[in-house]
Amino acid sequence: SVVVNRVFEPVGPDRANREGNRVVAPTTAPVKPWVNWVCAPFEGRAELSVGNEALDRQHQQLFKISQRAERCAQEAESQSASNFHLLLNDIAVLFDRHFNDEENILEQNASPNLEFHKAEHDRYRARLTDLLCDASVGRIDRQELYRLTCDYLNEHLQKTDRADQAA
């Protein structure tokens, strides 16, 4: 089994977990691989602010949704289906609003990173679309939903968004 003992590392389209250079298929992953993923608390951390109150509020909402996703990933299978669908909807609504707002602000400020930022948003939209399509036919991936929110908070917010704030 795989033990993930670092801040979440994004996974590729094969949805495999990485431990060093070894790739382990999802079917051989441990039952609870999420236990060591880290979605650092947002509230009260000025270093995570992007300098825009509306975007910061949306980032706070995403952190709260990520906490819900973590709880959903830990629930028993029978408890989690309805929670998963509600959570998936909340993430889809927030991502849509947040990505549009963020891209509009970057465009208004003539950000040199706008196209890169949009491309990153498109990758998150694609992952979300995969989850939505899978869920529509009964395939529920609670762990991938949590990974998606962790990836956004750990990678996109802390690196891409913060870099655009500095630009």
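Reader: Is Tyr152 buried or exposed?

Author: In this predicted model, Tyr152 is buried, because its relative accessibility is 0% and the cut-off for burial is under 20%.

Reader: Which helix does Tyr152 lie in?

Author: Tyr152 belongs to helix H4.

Reader: Which residues is Tyr152 in contact with, leaving aside neighbours within four places in sequence?

Author: The contacts of Tyr152 are His59, Leu62, Phe95, His98, Phe99, Glu102, Tyr124, Leu157 and Asp161. With His98, the side chain of Tyr152 also forms a polar contact of 2.7 Å.

Reader: What separates the C-alpha atoms of Tyr152 and Ser66?

Author: A distance of 9.6 Å separates them, although Tyr152 and Ser66 are 86 residues apart along the chain.

Reader: Turning to the largest nonpolar core, which residues touch the most other members?

Author: Phe95 and Tyr152 do, in a core of 27 residues. Helices H1 (53-74), H2 (77-108), H3 (114-136) and H4 (142-166) each give two or more residues to this core. The largest share, eight residues, is supplied by H2.

Reader: And what does Phe95 touch, not counting residues up to four places away in sequence?

Author: Phe95 touches Leu62, Tyr124, Leu128, Leu148 and Tyr152.

Reader: A change of topic: how many disulfides does the structure hold?

Author: The structure holds zero disulfides.

Reader: What about Cys72, buried or exposed?

Author: Cys72 counts as buried, since its relative accessibility is 2%.

Reader: And what is the relative accessible area of Cys133?

Author: The value for Cys133 is 46%, so this residue is partly exposed.

Definitions and conventions
Residues are numbered from 1 along each chain as its sequence is written. This is a predicted model: local features need pLDDT of at least 70, side-chain atom pairs count only at pLDDT 80 or more; totals for chains, interfaces and linings use all residues. Side-chain values use heavy atoms; hydrogens and water are left out. A disulfide is a pair of cysteine sulfur atoms within 2.5 Å. Buried means under 20% relative accessible area, exposed over 50%, partly exposed in between (1.4 Å probe, protein chains only). A nonpolar core is a set of buried Ala, Val, Leu, Ile, Met, Phe, Trp, Tyr and Cys residues joined through side-chain atoms within 4.5 Å. Helices (H or I, at least four residues) and strands (E, at least two) are DSSP runs, numbered from the N terminus. Contact means heavy atoms within 4.5 Å. A polar contact is a pair of N or O atoms within 3.5 Å; within protein, one must be able to donate a hydrogen and the other to accept it, and residues adjacent in sequence count only if both atoms are side-chain atoms.
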